[in-house]
Amino acid sequence: MPEVPKYDGTLDPQEHNTTYTTVVKGNDLASHEIESVLLKKFGETLTRGALTWYSLLPEHSIYSFEMLANSFIKAHAGAKKVQARKANVFRIAQGESELLREYITRFQKERMLLPAVPDEWAAEAFTKGLNPRSSDASRKLKKRLLEFQAMTWVDVHNRYESKIRIEND
């Protein structure tokens with residue numbers, strides 16, 4: 001069987017599961033053999049805390065790979081590196097010549113590519129990422145967001161929308 005990167009409990013468990021399943025299914029096994037191999041070899045793809053979790057599963061408690069995969073994902077769902085997510089969302093910043101509407105659109109797209117980012121992080125990251133040298137609109141919005149602290153992404157978006165409506169009127 002080809003080498004599958006070991007899962008240590010710090011990355012996305014769904015991604016590990018998908019990689020593992022793809023490797024096993026692409027290994028020229030007969031369809032009736034796949035389920036058995038998925039179940040028997042899964043433990044070999046784990047290390048550290050994830051291997052400890054696997055070794056503590058009660059004997060005869062798992063009857064299918066689907067059951068094992070669901071239990072694995074549920075047990076490790078919170079294992080995605082929180083600091084990595086926080087660092088990544090705070091890296092999104094408005095460029096010197098980027099318009100406010102371009103920045104908000106890009107921010108939303110980049111945020112959606114990250115693992116779940118708490119709403120309050122998004123609001124804070126967007127505010128910090130606003131470049132007051134970019135435009136008058138960016139400077140004014142940043143001032144408003146800091147003056148009346150935006151706690152959620154909805155707060156940020158509503159203030160952005162009201163800023164746009166005021167400018168258009």
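At what angle do the axes of helix H1 and helix H2 cross? Select residues 13-25 for H1 and residues 31-41 for H2. Their axes come within 10 Å and cross at roughly 135°. Axes here are lines fitted to C-alpha atoms, for helices over the stretch in contact, and angles run from 0 to 180 degrees between N-to-C directions. H1 is therefore oblique to H2; angles under 35 degrees count as roughly parallel, over 145 as roughly antiparallel, 65 to 115 as roughly perpendicular and the rest as oblique.

Before moving on, note that this is a predicted model: local features need pLDDT of at least 70, side-chain atom pairs count only at pLDDT 80 or more, and totals for chains, interfaces and linings use all residues. Residues are numbered from 1 along each chain as its sequence is written, and side-chain values use heavy atoms, with hydrogens and water left out.

**The H1 and H2 contact**

From H1, pick Tyr20, Thr21, Val24 and Lys25. From H2, pick Ile34, Val37, Leu38, Leu39 and Lys41. These make the contact, meaning heavy atoms within 4.5 Å. Six of the contact residues are nonpolar, one is polar and two are charged. Helices are DSSP runs (H or I, at least four residues), numbered from the N terminus.

Most residues other than glycine have a negative phi. Go to Arg48, in helix H3 (residues 48-55). Its phi is positive, about 50°, although Arg48 is not a glycine. Arg48 is exposed, at 60% relative accessible area. Exposed means over 50%, buried under 20%, and partly exposed in between (1.4 Å probe, protein chains only).

Next, select His60, in the loop between H3 and helix H4 (65-76). His60 also has a positive phi, near 60°. His60 is exposed, with 63% relative accessibility.

**The cores**

Now select Val89, Phe107 and Phe126. Of the 21 residues in the largest nonpolar core, these three touch the most other members. Such a core is a set of buried Ala, Val, Leu, Ile, Met, Phe, Trp, Tyr and Cys residues joined through side-chain atoms within 4.5 Å. H6 (100-113), H7 (119-129), H8 (136-147) and H9 (153-168) each supply at least two of its residues. H7 gives the largest share, five residues.

Center on Val89. Leaving aside residues up to four places away in sequence, Val89 touches Phe107, Leu114, Val117, Trp121 and Ala125.

Last stop: a second, separate core of 16 residues. Pick out Leu46, Trp53, Leu68 and Ala69, which are among its members.

Methods: Nonpolar A, V, L, I, M, F, W, Y, C, P; charged D, E, K, R; others polar.
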